[in-house]
Amino acid sequence: MERKQFIRSIAIVSLVPALLLAACKETGKKAAEAGKQQTFTCPMHPQIVQNKPGTCPICGMDLVPFDKNNKDVALTLDNSQIALANITTVTIGAGNLAGFKQLNGRLVTDPEKTTVISSRVPGRVETLYVRETGVRVSKGQPLYRIYSEQLASLQQEYLLAAAQVKQFPDDARFAQIEKGARQKLRLYDQSDTAIQQLLQSQKVNPYVTYPATQSGMVSELSVTEGQYVSEGGAVMRLEGYNQLWVEADIYPGEAEAVRPGQTVKVVIAGWEQEPQQMTIQFINPALQSGSQLMQIRGTIPNPDNRWQPGLQANILLPVKSKNDVLTLPVDAVIRDGKGTHVWIEKTKGKFEPRTVTTGMENFDAVEIADGLEAGDKVVVTGAYLLYSEYILKKGADPMASASGHHH
């Protein structure tokens, strides 16, 4: 009996390792299956991770699959993907960087391009050929016709003087009177041709048509048809917009950094990618009424009248500069709530995120104070597409990987 009990115990002891080995294999199989299970994340919120398709509880976007076991921090793209994403790189090197101070400004009509059309004779506005503002007129184009009784009187006076000269050609006194009457007509914008036609017709014509003295836009109408105007009375205002003033406000303490003849950049709202060069022409020595601000001014060309007076314009005033610093275009640096990073090309088609520390920055470039070395190939266009692609493929924020990969 004892012998049977002993044999049974031996059999159980021999079976335990086999059972344990089978259990371990089953556990490893389940772990492997769990590791192979598909994982989904949100392209905009990589912190959202689940094991089945669905939508993001934050933004509502469809979740996309990703491989959570892929620990490679680099992205590898082929030539077609690089071309499609417009990814370009530049080898970073040391250079100079100028800093800027931004001044708030605006576009203003250039008074040198403004003309007030006034009546040369007193009378009644018989016809207005331009009846609304905003109309473009060309030099020599008829603007208005006026009826002038005074002009009619001067024409009659000239006809009498001319008749006296014709009857008494040798009388110097009559010749002088005719010359004076002709000069009065010229002062009323009567051309020699019009005076000759008056002599031939012997008929008084009290109507005078006045043309535009320059090309421009009608910005103001001061009269209506049938209205009487005095000699020198304003009829309309023409403004030329092919050149505009740029005015900006500056504090007296900042005036030391500005001087006439200095070249600055002007950035117009809506045309940030087309900064204009401007020379400062004038610095108002007096403070503006009711404020503690001075004013600086310059002019810029306005091709095709693309900009209108009143638009916001910022002046970028150089205030300091640094020499022998690493710089990158502003668009090459990606900033988010977790920090700042760039993308570098380690080998052909292989890109990695890299955390950097930035320094001084201007409108075009930014200083890289830490994180890169001269000679690194840095992505300057397409960096945000790499950022999105990384989240789609890795299901994580690039900053998490970039933070541990400094030089």
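**Notebook: loops, pocket and salt bridges**

I began with Pro 111, which I found in the loop between β6 (94-109) and β7 (114-118); helices (H or I, at least four residues) and strands (E, at least two) are DSSP runs, numbered from the N terminus. The model is a predicted one, in which local features need pLDDT of at least 70 and side-chain atom pairs count only at pLDDT 80 or more, while totals for chains, interfaces and linings use all residues. Residues are numbered from 1 along each chain as its sequence is written, and side-chain values use heavy atoms, with hydrogens and water left out.

**Confidence**

I next checked pLDDT, the predictor's confidence in each residue, from 0 to 100. The mean for the protein chain is 80, and 84% of its residues reach 70 or more. Confidence is lowest in helix α1 (residues 2-36), where the mean is 51, and highest in strand β13 (residues 228-229), where it is 92. Over residues 29-35 the pLDDT falls below 50, and this stretch has one contact in the model beyond near neighbours in sequence, a contact being heavy atoms within 4.5 Å. Where pLDDT is low, I note that the predicted coordinates should not be read in detail.

**The largest pocket**

Which residues lie nearest the centre of the largest pocket? I found Gln 155, Gln 190, Ala 194, Asn 205 and Tyr 207 there, out of 15 lining residues. The pocket holds about 240 Å³ of space. The search runs on a 1 Å grid over the protein atoms alone, where a pocket is an open set of points with protein on both sides within 12 Å along at least five of seven lines, and lining residues have an atom within 4 Å of a point. Grid points are joined across faces, edges and corners, and the volume is the space filled by probe spheres set on the points.

Both α5 (192-201) and β11 (207-211) supply at least two residues of the lining, and β11 gives the largest share, with five residues. By class I recorded six nonpolar, seven polar and two charged residues, where Ala, Val, Leu, Ile, Met, Phe, Trp, Tyr, Cys and Pro count as nonpolar, Asp, Glu, Lys and Arg as charged, and the others, Gly among them, as polar.

I then turned to Gln 155, which sits in helix α3 (residues 149-167) and counts as buried because its relative accessibility is 3%. Leaving out residues up to four places away in sequence, Gln 155 touches Leu 185, Gln 190, Leu 198, Val 204, Asn 205 and Pro 206.

**Salt bridges**

A search of the whole structure gave me 10 salt bridges, each being a side-chain nitrogen of Lys or Arg within 4 Å of a carboxyl oxygen of Asp or Glu.

Asp 249 pairs with Arg 106, with 3.1 Å between the closest N and O atoms. This pair links distant parts of the chain, 143 residues apart, with Asp 249 in strand β15 (residues 243-250) and Arg 106 in strand β6. Asp 249, at 22%, and Arg 106, at 26%, are both partly exposed.

Arg 124 and Glu 126 form another salt bridge, their closest N and O atoms lying 2.8 Å apart. Glu 126 belongs to strand β8 (residues 123-128) and is partly exposed at 27%. I noted its C-alpha at 5.7 Å from that of Gly 226, although 100 residues separate Glu 126 and Gly 226 in sequence. Outside the four places on either side in sequence, Glu 126 touches Arg 145, Ile 146, Tyr 147, Tyr 207 and Glu 225.

For Glu 274 and Arg 306 I recorded 2.6 Å between the closest N and O atoms of the salt bridge. Glu 274 lies in strand β17 (residues 271-283) and Arg 306 in the loop between β18 (294-301) and β19 (312-329), so the pair ties together parts 32 residues apart in sequence. I also found that salt bridges with shared partners join Arg 106, Glu 247 and Asp 249 into one network.

**Positive phi**

Finally I looked at backbone angles. Gln 202, in the loop between α5 and β11, has a positive phi near 55° and is a residue other than glycine. Asp 324, in strand β19, likewise is not a glycine and has a positive phi of about 55°; at 62% relative accessibility, Asp 324 counts as exposed.

Notes:
Buried < 20%, exposed > 50% of the residue type's maximum accessible area, 1.4 Å probe, protein only. 1 Å grid on protein atoms, 1.4 Å probe; cavity = no way out; pocket = protein on both sides within 12 Å on 5 of 7 lines; lining within 4 Å.
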